[in-house]
Amino acid sequence: RRLTWEKKDSVFVAPVPTKHDLATGRDPARVKIFDTTLRDGEQSPGASLTGEEKLILAKQLAKLGVDIIEAGFPIASVGDFEAVKTIAQTVGCRDDPPIICGLSRARKPDIDRCWEAVKHASFPRIHTFIATSDLHMEYKLKKTPDEVLEATTEMVSYARSLCEDVEFSAEDATRSDPEFLYKVYSRAIAAGATTLNVPDTVGYTTPDEYGALIRGIRENVEGIENLTISLHGHNDLGLAVANFLSGVENGARQIETTINGIGERAGNAAMEEIVMALQVRRQYYSSKLHLAPNSFLTNINHREIYNSSRMVSNMTGMSVQPNKAIVGANAFAHESGIHQDGILKNRLTYEIMDAKSIGHGDNSLVLGKLSGRAAFRARLTEMGYEISDEELNKAFIRFKDLADKKKEVTDWDLESIISDEVKQLDTPDVRLVRVQVQCGEPLVPTATVTLDVNGVESTASSVGTGPVDAAFQGVQKICFEEGSITLLEYKVRTCETVLFTQVHPFF
């Protein structure tokens, strides 16, 4: 039997291996990662995914190492049913498969539809829920507490008659009466639930409150000894990750997250933030979870985190904010001269993790008006320039002048500075004189481009798949003799008022 007791300021939970743990060789003492990007994440406004996109993401989530994939809400639509079914048949049957889960309301038609979708997986799970807060019971369900208790017993029993792995959620648990919540969860366990989920449905709770609630469930729910407590929470007050970490300290061993934190309203707890918090502070959390020092606390392959983030962003069309923890563009970037100097001497001075640890490539020093000589010289050295102190001083003055006018100084800017102030480079001096494009239905996209190459103007016309492609083809024609042109980066930025679009190509 699983024993539970208090030890110091955290709750000890003795691990009991599940069939999935035994079959896949995963550590039963780990914190299980339940990913709901394909279900709750897809509920973000404008983030709808096709069945094909869901399958691609599910394969990446399996590669990432998540333990459970909540693939969708099968009764919601024929398309969602087919997507969940396909994921169960493919990703759910691969080597070292994740558990494939579907969501259902506490209604027989929902549960039947969910089972038909997930039953093809090696390890299927039915996740059923019913609301338990006074507000939801009165206004949404129009049921009494006794009716909710009866529905819990009946529907969890029915789900368990179909599937041996059943997760039960008490919707709006953090705004429910704790005493009533204990009764509901006790009923769910008696009916056959194997995982109990405690949702902070509207992102209302705080870390101390959530931790106390999880501890209270551990202490007061009948039959809880051999079950996993799961956490589900939204980020309406920006506390989702902190709430989850508090829940883990107080006895939860499964966390329900999404990649990039996408989801309803302000989103869900971000998988990458929870996982890396447990990884970077594993000595602290190993102690809290009563495990060996520096234990690996999840099954996640950290080097797939960045790839997963980019894939979700690209497929949902939801950009990651630059200052987003772990996966944001600025998460491993440094512009302050003091910070850059420290990083160059020892990265640990201003970094607690390596960008490479999440598959992000290398950390970067962003050159701007706050950068100092050390970072400036380091970047030039990386680019292959070996210059004297006198040449450095001349170039640094130009750099500072430019940095006051631009938010970020690029490598191309540095090459121009070195060319003008230090040495003449062999690369051609190319300046755009004019560009004219013509497109429409049924016109063929055409562009006429005039460039000044080393003081000589040249004009070329070209067609392409669109006006931008046609313009680039024109540039290619003019600069062919100087060497092939390669498009390295292409950005489209639209202002919030949707009055204009800025296009920034980089070669």
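1. Let's start with the contacts: of those between residues at least 6 apart in sequence, 63% join residues at least 24 apart (contact means heavy atoms within 4.5 Å). Please keep in mind that this is a predicted model, where local features need pLDDT of at least 70, side-chain atom pairs count only at pLDDT 80 or more, and totals for chains, interfaces and linings use all residues. Residues are numbered from 1 along each chain as its sequence is written, and side-chain values use heavy atoms, with hydrogens and water left out.

2. The chain holds 17 helices and 17 strands (DSSP runs numbered from the N terminus: helices are H or I with at least four residues, strands E with at least two). Of its 507 residues, 50% count as buried (under 20% relative accessible area with a 1.4 Å probe, protein chains only; exposed is over 50%, partly exposed in between).

3. Leu196 deserves a look of its own. Beyond its neighbours within four places in sequence, its contacts include Phe168, Tyr185, Ala188 and Val221.

4. Finally, Val437: this residue sits in strand β13 (residues 430-438) and is partly exposed, with a relative accessible area of 46%.
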